[in-house]
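Trainee: Could you show me how to read a few features of a structure? I would like to go step by step.

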There are 2 protein chains.
Amino acid sequence: MVQIKDVAKRAGVSVASVSRVLTGLPVVSEPTRLRVLAAVKELDYRPDLAARRLRSRRSDTIGLVVSDIRNPFFTEVSRAVEDVAFSRQMRVILCNTDEDPNKEASCLELMRDEKVSGVILSPSLKLLSHFTRADYGFPIVLVDRYERGIEADAVLLDNFDAAYRLTEHLLANGHRQIVFVYGAESATGRQRLEGHRAAMVKHQLPVQAEGVKPMEDQAREAALAVLKRSPLPQAVIASSGLILLGVAEALRATRTVIPRDIAVAGFDNLPWTQLVEPGLTVIAQPTYDMGREAIELLLQRIATPDKAMRQLVMRGELIERGSSAARQHT
Amino acid sequence: MVQIKDVAKRAGVSVASVSRVLTGLPVVSEPTRLRVLAAVKELDYRPDLAARRLRSRRSDTIGLVVSDIRNPFFTEVSRAVEDVAFSRQMRVILCNTDEDPNKEASCLELMRDEKVSGVILSPSLKLLSHFTRADYGFPIVLVDRYERGIEADAVLLDNFDAAYRLTEHLLANGHRQIVFVYGAESATGRQRLEGHRAAMVKHQLPVQAEGVKPMEDQAREAALAVLKRSPLPQAVIASSGLILLGVAEALRATRTVIPRDIAVAGFDNLPWTQLVEPGLTVIAQPTYDMGREAIELLLQRIATPDKAMRQLVMRGELIERGSSAARQHT
DNA sequence: CTGTTAGCGCGTTCAC
DNA sequence: GTGAACGCGCTAACAG
């Protein structure tokens with residue numbers, strides 16, 4: 001294996017100079033710099049990362065800790081994070097928590113052991129509720145989940161606003177009796193419920209909320225129960241893409257026609273939402289951008305650890321489709 | 001920072017013994033083992049991974065190199081890989097190639113630099129065609145993409161068989177004029193075309209294949225062109241989930257009714273395929289299992305590098321839904 | 001079974 | 001601007 005001293009020998013300089021060139025220290029004369037670079041290329045020298053990390057105590061690695069990478073939101077975030085990291089010569093280590101605080105703690109320990117430069121974290125409800133500030137030995141940027149007052153960098157949707165606007169849209173189209181199916185164990189779900197509640201209260205309408213566990217089949221069961229009510233509510237809102245999927249399955253299973261029998265709206269502009277008749281009205285999240293912003297924020301935090309914390313609140317985009325069409329007067 | 005010699009001092013033993021206990025060498029007496037473990041716990045000692053890796057020349061890290069993690073197939077595979085790796089105390093480093101041979105080469109170099117224990121790779125068509133055997137300095141397991149004769153471990157669907165059976169199913173339901181929309185730049189797509197071709201030839205029917213680039217909008221455009229034909233073909237098969245999505249979008253855009261106007265079938269049992277009316281007939285891949293098998297194969301290869309190569313060919317499951325219903329006689 | 005010791009390959013002083 | 005030498009924390013070889 002070719003190592004730094006081989007390069008030094010070949011270039012006729014000391015190992016120190018090679019190291020200086022490779023780490024980009026600007027204290028090397030141009031001639032030696034070029035000779036070192038040439039030698040590196042000729043020998044196809046690759047620095048040993050383990051040795052470098054041992055010596056420098058940095059890993060140039062980013063940790064990504066999410067509940068489940070199969071959640072399309074996190075899939076997209078991970079892609080953005082990997083893109084940016086790759087372009088900066090950094091690595092990404094992935095860890096799934098399944099919302100399990102124990103596994104979450106393991107993942108965070110793992111990141112500490114790896115001496116990651118920083119972590120992008122989507123915390124479980126439990127961790128979030130205990131979260132005051134990041135004292136893990138590495139900087140953390142929160143994505144998707146955040147509570148007012150937490151002293152941490154974060155990138156998230158304006159959940160309250162998005163749910164408020166989505167509800168207002170349904171109300172404007174004449175829907176009054178609305179059921180809000182949301183993830184009860186999710187900070188995000190709760191915030192969206194509050195936005196929905198605010199809109200309903202403003203119109204002096206009662207709030208009908210159905211809390212479900214964040215699983216597709218749970219959402220489907222809850223939706224089926226809702227669809228058995230008589231009279232049927234006029235509209236249903238799902239607080240996430242996963243829940244919206246469950247609701248859509250329930251509607252199909254019961255042959256309920258959208259929006260004739262019931263109007264539908266939800267979150268996350270997944271590809272299939274425009275496929276189911278007559279297209280589902282949703283709040284689109286700028287997921288890729290959120291991932292990109294998260295890692296940019298993290299890199300800035302790594303570069304300047306002492307700046308004030310920042311929360312980046314992004315606006316959801318209302319995409320109107322047929323599922324929320326105006327109600328016919330009866 | 002607490003390090004191994006602190007633990008040694010505390011336990012009243014040498015650093016060597018601590019190391020032996022921690023690496024699991026079975027040459028330590030039970031009493032010393034327990035005292036070391038106690039000292040580790042008391043001091044909350046965490047071994048320095050960089051130092052360990054430098055010395056032992058192993059990283060206990062698995063590389064996952066795929067075209068795009070957002071492809072649901074790879075998302076699922078990555079989840080399986082991470083699950084198994086986590087349970088074995090191993091890390092996963094992710095890299096997206098976008099089917100770009102240059103980026104692919106960069107990713108593989110990155111993995112070499114990281115001295116990964118092994119890589120799970122879904123190669124681009126170009127790399128696959130040059131692939132004879134893995135000589136990257138680490139073992140490789142191919143997933144999803146493989147060509148006969150390549151000397152490498154691999155986990156893949158029996159693409160020929162799956163497409164053959166899917167075609168036979170359509171034929172059995174009376175569909176004769178079938179258009180096969182497939183990923184022309186994909187080894188998998190081509191293999192599926194061959195299975196389709198075999199079934200058509202057997203029934204002495206002409207093959208109508210439309211090669212598209214593996215992008216949703218490309219598939220939609222191709223499908224739109226197909227739907228402009230007069231007379232309309234009796235059925236269309238999409239060779240992947242992404243292409244099926246494009247086809248479904250085209251059908252919806254043209255208000256074509258399934259299966260009255262045209263029958264539809266495809267690959268990948270994604271959640272939305274049962275949502276679009278009247279449910280899409282698909283070949284389901286055991287994606288999670290394929291990922292699990294891939295990393296298991298890799299771990300075995302790492303343990304015993306000289307065993308003969310193995311290819312695990314998995315069978316797709318035909319899920320019949322309304323979209324391929326039997327044709328009414330005219 | 002246990003302890004001593006020599007590096008693993010590199011980055012970073014400190015002289016020059 | 002450059003080189004010699006030390007040590008990052010650990011594992012493995014060897015000696016006892």
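Trainee: By what turn, and with what RMSD, can chain B be laid on chain A?

Mentor: Good place to start! Keep in mind that this is a predicted model. Chain B can be laid on chain A by a turn of 180 degrees and a shift of 0.0 Å along the axis, with an RMSD of 0.2 Å. The two copies are therefore related as by a two-fold rotation axis. The same surface serves both copies, as 100% of the contact residues of chain B recur in chain A.

Trainee: Now the rings, please. How many aromatic pairs are there over all chains?

Mentor: The count comes to eight. A pair of aromatic rings is described by the distance of the centres and the angle of the planes. Take Phe160(A) and Tyr164(A): their centres are 6.4 Å apart with 15 degrees between the planes, and the pair is stacked. Planes under 30 degrees apart count as stacked.

Trainee: Where do Phe160(A) and Tyr164(A) sit in chain A?

Mentor: Both are in helix 8 (residues 159–172), and because they are four residues apart, about one helical turn separates them. Phe160(A) is partly exposed, at 39% relative accessible area, and Tyr164(A) is partly exposed too, at 22%.

Mentor: Compare Phe180(A) and Tyr182(A), a tilted pair with 6.1 Å centre to centre and 35 degrees between the planes.

Trainee: Are Phe180(A) and Tyr182(A) buried or exposed?

Mentor: Both are buried.

Trainee: Which ring does the charged end of Lys103(B) sit over?

Mentor: That of Phe86(A), 5.2 Å from the ring centre. Likewise, the charged end of Arg192(B) sits over the ring of Phe267(B), 4.1 Å from its centre.

Notes: Residues are numbered from 1 along each chain as its sequence is written. Chains are lettered from A and ligands numbered from 1 in the order in which they are written. This is a predicted model: local features need pLDDT of at least 70, side-chain atom pairs count only at pLDDT 80 or more; totals for chains, interfaces and linings use all residues. Side-chain values use heavy atoms; hydrogens and water are left out. Copies are superposed by least squares on the C-alpha atoms of residues with pLDDT of at least 70 in both. Contact means heavy atoms within 4.5 Å. Rings of Phe, Tyr and Trp (its six-membered ring) pair if their centres lie within 6.5 Å; planes under 30 degrees apart count as stacked, over 60 as edge-to-face and the rest as tilted. Helices (H or I, at least four residues) and strands (E, at least two) are DSSP runs, numbered from the N terminus. Buried means under 20% relative accessible area, exposed over 50%, partly exposed in between (1.4 Å probe, protein chains only). A charge sits over a ring if NZ of Lys or CZ of Arg is within 6 Å of the ring centre and within 35 degrees of the ring normal.
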